[in-house]
Amino acid sequence: MTVIDIESRMAEPVDDEPRAIDPGLSREDKIFHGSVRSIGFFVLIVFGSIGVFLGYQSIPTFSHYGFSFLTETQWNPELDQVGIAAVIVGTFQVALVAIVVSLPLALLTALYISEYAPQRLKSSLVSLVDLMAAIPSIVYGAWGFAFLQEHAKYVARWLSQYLGWIPFFSVDTDPNAALWAQTQFTASAFIAGLAVAMMTIPMACAVMRGVFAQAPVGEREAAVALGATRWGVIRSVVLPFGRGGIIGGSMLGLGRALGETIAVLLIISPAYDIKWSVVEVGTQTTSSLIAGLFGEATSFQLSALLTAGFVLFIITLVVNMIAAVFVGRSRSGSITEA
Amino acid sequence: MSAQTMEDRPVEIERPPAGAHLEAIGVSAWFASHKVLERVSLEMRPGIVTALIGPSGCGKSTFLRTLNRMHETIPAAKFGGEVRLNGEDIYDAGRRITETRRSIGMVFQKPNPFPAMSIGENVLAGPKLNGTRVARSDRDALVERSLTRAGLWNEVKDRLFKPGGALSGGQQQRLCIARSLAVDPDILLMDEPCSALDPGSTNVIERTIGELKDEVTIVIVTHNMQQAARVSQQAAFFLATDGTPGVIVESGDTEQIFGDPKDQRTSDYVNGKFG
């Protein structure tokens with residue numbers, strides 16, 4: 001009897017299934033958990049509904065123009081010629097100029113603040129750079145139009161003189177002429193990009209600085225103890241560790257630059273041709289197109305503008321998602337634990 | 001003629017130890033206004049291993065870090081006194097700090113290989129970082145020699161291109177020793193190099209220390225009394241009581257410190273009565 005008893009008791013836990021385990025959350029935890037989760041979902045719903053709204057609004061445009069909406073360069077609703085090919089190119093030109101200019105500035109600023117700046121200077125430098133983000137973009141636009149352009153056109157001319165053989169810098173005028181056509185070098189993607197760069201620097205710099213500051217102390221000390229200079233520490237520890245932050249910060253800046261509206265609207269003069277040159281007068285970007293034509297649009301034109309917005313929405317979404325992947329991928333963890 | 005060849009055995013040549021002579025004279029150290037070391041003097045001779053022992057917070061790690069100017073990398077850290085490497089003060093304004101650190105290597109408590117670099121690149125990191133040119137043809141030999149001296153060569157020779165971070169803790173620590181040896185230092189400072197390791201790895205590293213001591217002067221901080229007794233020939237007992245800065249209570253031959261300490265506090269500590 002006893003033997004059977006023992007056997008039956010031992011047989012009981014043989015049921016080899018995962019058990020449902022109660023996480024044991026307290027009431028406070030459950031309330032907090034629930035409210036945080038619903039707020040999180042609410043944000044996602046708002047974001048998703050913007051996308052759905054834009055997508056819904058673009059149905060008439062796509063059904064009328066079809067695929068040619070993406071390939072047509074002109075924007076002439078009166079002639080029933082509407083497309084965003086040139087606008088998308090212009091959008092990327094302005095954004096790329098902004099990134100090319102702001103990436104080295106943001107990177108070096110972040111390196112200086114995190115590696116070289118004396119302790120007492122650090123916090124004021126950080127707030128100074130953050131302050132750049134607080135300036136309204138219309139101010140940057142006005143500054144770009146009224147001040148920067150007057151000086152940057154000489155840079156644009158110089159680029160055209162010496163690098164004009166590269167399609168990006170070729171201008172359809174003689175840059176070496178004694179009375180050179182100054183206006184040919186203004187209101188361009190280049191000048192708009194410079195102004196937008198001022199807005200992407202603080203964001204990119206903040207992301208990079210945050211990542212550099214997390215570079216492991218142990219590795220820093222290892223490099224220093226081997227006789228490394230500060231530059232050696234940066235090269236062997238900080239930059240390899242911060243690579244994700246550098247790429248991610250630049251991509252976030254790119255996302256910002258793609259959507260920048262008012263500063264670009266103030267600086268550029270609208271032109272709807274696909275062209276390589278970034279220094280030549282005239283370009284158009286998606287957001288400044290929308291801002292510029294929104295006021296006097298008929299309901300069908302409004303749909304076309306919202307469709308352009310929808311395309312921009314998708315592009316920035318993709319860019320920011322890629323950025324998030326890079327920022328989130330920590331080098332230390334991923335390789336050490338491999 | 002035959003008389004000359006009578007003794008056909010290698011002659012034992014007494015070679016002086018290759019390491020350098022390090023001497024701390026009246027070393028004091030502060031973190032901001034908090035004084036952690038007061039007038040510590042110690043001579044660290046070539047050919048022998050010096051162990052720094054004492055309870056936690058007695059300043060022995062800080063002292064070690066003043067010996068290669070790592071102390072001052074901490075914000076608000078201050079230093080007083082002199083540290084002489086072969087008679088020359090390493091804090092002298094004319095000396096290049098990177099050169100000082102190159103000749104006084106350091107192994108840390110927590111293994112810290114560069115995770116983005118392979119095992120081989122880790123070993124070569126030192127020459128690359130301090131601008132010493134190593135000819136491409138000499139690199140493999142330097143990697144092999146350094147890893148062999150650190151007792152790691154046989155375990156990693158087939159995977160030198162694998163990331164250094166993928167090794168076990170004990171192997172990582174020996175990789176860090178190899179990395180320090182690759183710049184050919186005169187002094188090797190070790191800050192509790194085995195405290196994060198298992199007994200097997202500890203044993204290998206202690207053996208490595210024994211083999212290295214004729215090539216470099218070794219100074220080791222350790223919490224482990226048995227380890228200090230096993231690896232060192234000279235020991236210095238640090239103590240800081242009731243918030244006063246750390247001082248050396250007693251230093252001398254390891255045998256004497258452990259077998260016949262002069263100071264009662266040393267005796268109590270090495271016999272496990274406190275700390």
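Guide: Start with B:E23, whose bridge partner in β4(B) is B:R84. The model is predicted, so local features need pLDDT of at least 70 and side-chain atom pairs count only at pLDDT 80 or more, while totals for chains, interfaces and linings use all residues. Residues are numbered from 1 along each chain as its sequence is written, chains are lettered from A and ligands numbered from 1 in the order in which they are written, and side-chain values use heavy atoms, without hydrogens and water.

Strands (E, at least two residues) and helices (H or I, at least four) are DSSP runs, numbered from the N terminus. Two strands pair if DSSP finds at least two bridges between them.

Strand β1 of chain B pairs antiparallel with β4 (residues 77-85) over 8 bridges. β1 (residues 22-31) is also joined to β2 (residues 34-44) of chain B by 7 bridges, again antiparallel. Here B:A24 has B:L42 in β2(B) as its bridge partner. The hairpin of β1(B) and β2(B) has 2 residues between the strands, and B:A32 takes a positive phi near 55°.

Elsewhere in chain B, an open sheet of 6 strands has the order β6-β7-β8-β3-β9-β10, with mixed pairing. β6 (104-107) and β10 (247-253) of chain B are at its edges; each has a single partner strand, so one side of each lacks a neighbour in the sheet. Within this sheet, β7 (residues 187-191) and β8 (residues 217-221) of chain B run parallel, joined by 5 bridges. B:L188 stands opposite B:I218 in β8(B).
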